[in-house]
There are 2 protein chains.
Amino acid sequence: MPFVEEAFDGVPVLVTGGYGFIGSNLVRRLVRLGAKVTVVDALVPNTGANRFNLADLEEHIAVHVVNMIDEDAMRELVRGRTLVFNLAGHVSHVYSMCDPYADLMMNCHAQLGLLEACRKHAPGAKIVFTATRQQYGRPEYLPVDERHPLRPIDINGIHKVAAEAYYLLYGRLYGIHVTSLRLTNTYGPGQLMGNGRHAFVPWLIRLAIDDQQLQIFGDGQQMRDFTYVDDVVEALLAAAYRPESDGEVFNLGGERPYSIREFVDILLGVVGGGSYTCVPFPEDRGRIDIGSYYADFSKIKSVLDWQPAVPLAEGLRRTVEYYRRYRNHYW
Amino acid sequence: MPFVEEAFDGVPVLVTGGYGFIGSNLVRRLVRLGAKVTVVDALVPNTGANRFNLADLEEHIAVHVVNMIDEDAMRELVRGRTLVFNLAGHVSHVYSMCDPYADLMMNCHAQLGLLEACRKHAPGAKIVFTATRQQYGRPEYLPVDERHPLRPIDINGIHKVAAEAYYLLYGRLYGIHVTSLRLTNTYGPGQLMGNGRHAFVPWLIRLAIDDQQLQIFGDGQQMRDFTYVDDVVEALLAAAYRPESDGEVFNLGGERPYSIREFVDILLGVVGGGSYTCVPFPEDRGRIDIGSYYADFSKIKSVLDWQPAVPLAEGLRRTVEYYRRYRNHYW
C-alpha cells in the first residue's frame with residue numbers, strides 16, 4: 001500500500017484546480033478519507049473546471065473562486081495548510097500556441113504565486129505538483145524515464161518545464177516539501193469533453209459514445225500509455241504521504257503501451273460498435289505532435305510502491321458508463 | 001572572417017536593450033557598418049541600461065523608450081526590419097530570486113511579445129537572442145557543450161531556458177530565422193558596475209579601480225571563462241549574417257579558462273596594485289552558485305568561424321582604461 005488512509009483524516013488540504021478533472025476526483029477521495037478540503041478554482045471557461053464535478057460534495061468542502069495570481073487571496077488560503085495539491089493549470093497544447101500569454105499567466109505566473117505564498121505563509125506544507133509528459137517533447141528513446149532530456153515542442157510544454165523547475169528550486173532553496181508527478185494520458189469521469197482541441201482521449205470517447213465516426217490522426221500506429229484517473233489520485237496521495245518523495249520527480253504510466261488503433265478498438269468494444277478512419281494531421285496539431293510516447297514508471301514503483309491498477313478496458317468501461325449517465329453536464 | 005562587413009550597410013536593424021552593456025557595444029559597431037539602427041529600451045532603473053552608453057551616437061540612431069510587453073508599440077517597431085538583436089532582459093540571478101515576477105515579465109512575457117510581433121509583422125526577419133551559461137546550472141562535465149542538460153538553479157536561469165525554447169519553437173513552427181547565443185562572463189566598457197548583486201566581474205573591476213580590497217567568494221579555485229564584449233559583438237554579427245546559424249544554439253567562451261584567483265591576479269596587474277581576500281559565500285549567493293564553469297565553443301568555431309580574439313589581459317586593460325576615464329557615468 002503506497003499510503004496509510006488514516007493519515008489524511010482531519011488534515012487541512014488545499015486543492016487548486018479542484019473543479020477540474022483530476023482535482024475533483026482527488027477532492028472526492030480526500031473527503032472520503034476525512035480530510036478538511038478547501039478548493040481553489042478560478043473556474044476559467046473552456047478549461048477543465050466544471051461545477052458539476054463537485055456538485056454533490058459542496059457541503060463537505062470549502063470553495064474559493066480565486067485566480068492563483070491573486071497574492072492576497074492566496075496568502076490567506078495557504079495559511080495553516082499542511083498539504084497542497086496543485087492541479088490548476090492550462091492543459092491545451094493547441095490553445096497554448098494561440099494564446100501564449102494566457103498559458104504563461106496560468107502555468108508560470110500563478111505557480112510562482114502559489115510558491116511564494118507557501119514560502120511565506122505555509123513553509124512547512126507539502127506541495128504536490130502535476131507535470132506532463134509533454135515536457136519531454138519527441139522521445140529520443142522509449143520508454144521515457146525521468147532522465148530523458150526536457151525538450152518541449154509547444155508553449156504549454158515550455159511553461160510546464162519552467163513551473164516544475166520552480167517547484168524543485170523552491171524545494172532546494174527554501175526547504176519546502178515538493179513533489180512533481182509527470183502525467184501521461186489521464187482519462188476517466190469528470191474530464192473536459194468539450195472539443196477536439198483539448199486532449200485526444202476524451203474527444204475520441206465522446207465521439208464513440210455519440211456513435212460518430214472516430215478520426216485518428218496519422219496511421220494510428222503511434223504508441224501511448226493511459227492512466228485511469230483513480231490511479232492518478234492514488235499516486236497523488238502516495239506522493240503526499242511519503243517523505244521519500246520530497247524534491248523528486250516521478251513519471252506515471254499505464255499498465256502497458258497501446259497503439260492508438262488498439263486503444264480505439266478497445267474503446268469501440270466497450271461502447272459496443274462504431275467505426276474509425278485515419279486522416280492526416282491538421283496542421284496546427286501535426287507540428288506539435290510528439291510521435292510515440294510511453295513512460296518508464298519504475299521509479300515511482302520502487303520509491304512509492306505505486307503502479308497503475310485499473311486496466312484500460314476496465315477504465316474505459318467505467319468512463320463510458322459515467323458519461324452516458326451524465327452526458328448533459330459534459331457535452 | 002565570420003561575416004562580410006558590407007552586408008550590414010543600409011540594413012534596417014532593431015536592437016532591443018540597446019542602451020545596455022552588450023546592446024550599446026553592438027549598436028556602436030552597427031552604426032560604423034552603416035546599418036540603420038533603431039534602439040528599443042525600457043531604460044528600467046537598476047538594469048544595465050545607461051544613457052551615456054550611446055550619448056555620442058544619438059543623432060545616428062532612432063531611439064524608442066518602450067517596454068517590449070507593449071504589443072502595439074512593438075508591432076510598429078518590428079515592421080520592415082530584416083534583423084533583430086534581442087538583448088533586452090533582466091540579468092541578475094540574485095534579484096530574480098527576490099522578485100521572480102519582474103524576471104518573468106521581462107524574460108518570458110516580453111520575449112513572447114517580441115516573437116509574436118515578428119511572427120505577425122516581420123516574418124522574414126532574422127532574430128538573434130542572447131542566452132546564458134546559467135541555463136546549464138551546475139555543470140555535470142567540463143567544458144560544457146550545447147548538449148549539456150539544462151538544469152538551471154535560479155529563477156533567472158529557468159526563465160532564460162523558457163525564452164530560448166520560445167525562439168527555437170517559433171523558428172521551427174513559423175519559419176522565423178532564429179539563433180541563440182549562450183554567453184558566459186562578458187566584460188568590457190559600458191557594463192552595469194553598480195553593485196555586488198549583479199555579475200561579479202564588473203564588481204571586482206570596480207573595486208580594483210577604486211583600490212579597495214577585492215572579496216572572492218569561496219576559495220577562488222572555481223574556473224570561469226571570460227569573453228570581451230567586442231568578441232561577443234562579432235559573434236552576434238556572425239550569427240546574423242550566416243544562414244547556417246538558423247535554428248541553432250551556440251556557446252560562446254573565452255580563450256582559456258581561468259580560476260577566479262588567476263583572474264584577480266591579472267586584474268590587479270592591469271590596475272597596478274591592490275589586494276584581495278577570500279570570504280565565505282553570502283547565503284543568497286552561495287545557494288545559487290554553479291561551481292566551476294567553462295564552455296566548449298567548438299560548435300560556433302566550426303559553423304560560424306568565430307573564436308575569441310581578445311585575450312583577458314588585453315581586454316581588462318581596455319576595460320580599466322575606459323572606466324578610469326568615464327568613471328562618473330558608471331559608479
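Buried here means under 20% relative accessible area, exposed means over 50%, and partly exposed lies in between, with a 1.4 Å probe and protein chains only. The model is predicted, so local features need pLDDT of at least 70 and side-chain atom pairs count only at pLDDT 80 or more, while totals for chains, interfaces and linings use all residues. Residues are numbered from 1 along each chain as its sequence is written, chains are lettered from A in the order in which they are written, and side-chain values use heavy atoms, with hydrogens and water left out.

**Helix α2 of chain A**

- Helices are DSSP runs of H or I with at least four residues, and strands are runs of E with at least two, numbered from the N terminus.
- In helix α2 of chain A, which spans residues 71-78, the buried residues are A:Ala73, A:Met74, A:Leu77 and A:Val78.
- Viewed down the axis of α2(A), these buried residues fall within an arc of 120°, taken from the directions from the axis to the C-beta atoms, so they line one face of the helix.
- Their cover, judged by contact (heavy atoms within 4.5 Å), includes β1 (12-16), β2 (36-41), β3 (62-65) and α4 (100-121) of chain A.
- At the N-terminal end, A:Asp70 caps α2(A), with a side-chain oxygen 3.2 Å from the backbone nitrogen of A:Asp72, whereas A:Gly80, with a positive phi near 85°, follows the helix.

**Cysteines**

- A search of the whole structure finds zero disulfides over all chains, a disulfide being a pair of cysteine sulfur atoms within 2.5 Å.
- A:Cys108 is in no disulfide, and the nearest cysteine sulfur, that of B:Cys108, is 5.9 Å away; A:Cys108 counts as buried, at 0% relative accessibility.
- A:Cys118 is also buried, with a relative accessible area of 0%, and its sulfur is 17 Å from the closest cysteine sulfur, in A:Cys108, which is too far for a bond.

Notes:
A polar contact is a pair of N or O atoms within 3.5 Å; within protein, one must be able to donate a hydrogen and the other to accept it, and residues adjacent in sequence count only if both atoms are side-chain atoms.
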